[in-house]
Amino acid sequence: MTKLTRDFYNRPTLEVAQALLGKVLVFDNYHAIITETEAYIGLDDPACHAHKGRTKRTEVMFGPAGYSYVYLIYGMYHCLNFITEEEGIAAGVLIRGAKLITEPYLNLNGPGKLCKFLQITKHHNCIDIVESDNFYVIDQNVTPIFKATPRIGIKKGIDKLWRFESIT
DNA sequence: ACCCCGATCGTA
DNA sequence: ACGATCGGGGTT
């Protein structure tokens, strides 16, 4: 049960997105095993928020790995991402699903549902999850089998198989 | 200042 | 299949 270090996040995003499956998200008193992720990678990925360049919202995506990126979508839901790759490369992993392994053992299947339950909001944007003591990810040495599919809910970039889902 | 769109979800 | 709901980004 070791906390993931910056080196874990500071590498190719597809590797991180796959490696996050089976890891445990710790947020306040909740522990949830990550079951579904998506990669969003840089200026060449039309589905990536930062693909048109730096804005106030996407600023954190250009920063160093190991930070949170939380944004509001559809005016109603928040989505949680972890920033990957070296500073200057705008990339991250969307946490689409996780199962609580503490009470009340809910399956938080969906990025909006996950943030709603954990009460993650834009106030949790740009937090260093390597240094935080109530918002981080740990390795419990579980390596699930997973499948790769197109990302959900996007219109551009559906040709990429950048969504990863545990099947064990 | 205005307009359009969106990395969703629950209901039908 | 569809509506709820509103911030961000591009345009004027």
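I took a polar contact as a pair of N or O atoms within 3.5 Å; within protein, one must be able to donate a hydrogen and the other to accept it, and residues adjacent in sequence count only if both atoms are side-chain atoms. The model is predicted: local features need pLDDT of at least 70, side-chain atom pairs count only at pLDDT 80 or more, and totals for chains, interfaces and linings use all residues. Residues are numbered from 1 along each chain as its sequence is written, chains are lettered from A in the order in which they are written, and side-chain values use heavy atoms, without hydrogens and water.

DNA contacts. I found a backbone N or O atom of Gly 110 at 3.3 Å from a phosphate oxygen of DNA strand B. For Asn 81, a polar side-chain atom is 2.4 Å from a base nitrogen of DNA strand B.

I counted a residue as near the strand if one of its heavy atoms lies within 4 Å of it. DNA strand B is surrounded by 20 residues, with Gly 112 and Lys 155 among the closest. Sugar and phosphate make up 57% of the DNA strand B atoms within 4 Å of the protein.

Cysteines. I looked for disulfides (cysteine sulfur pairs within 2.5 Å) and counted zero. The closest cysteine sulfur to that of Cys 115 is in Cys 79, 6.2 Å away, so the gap is too far for a bond. For Cys 126, the closest is in Cys 48, at 15 Å, also too far.

Lysine. I noted that the C-alpha atoms of Lys 56 and Lys 23 are separated by 30 Å.
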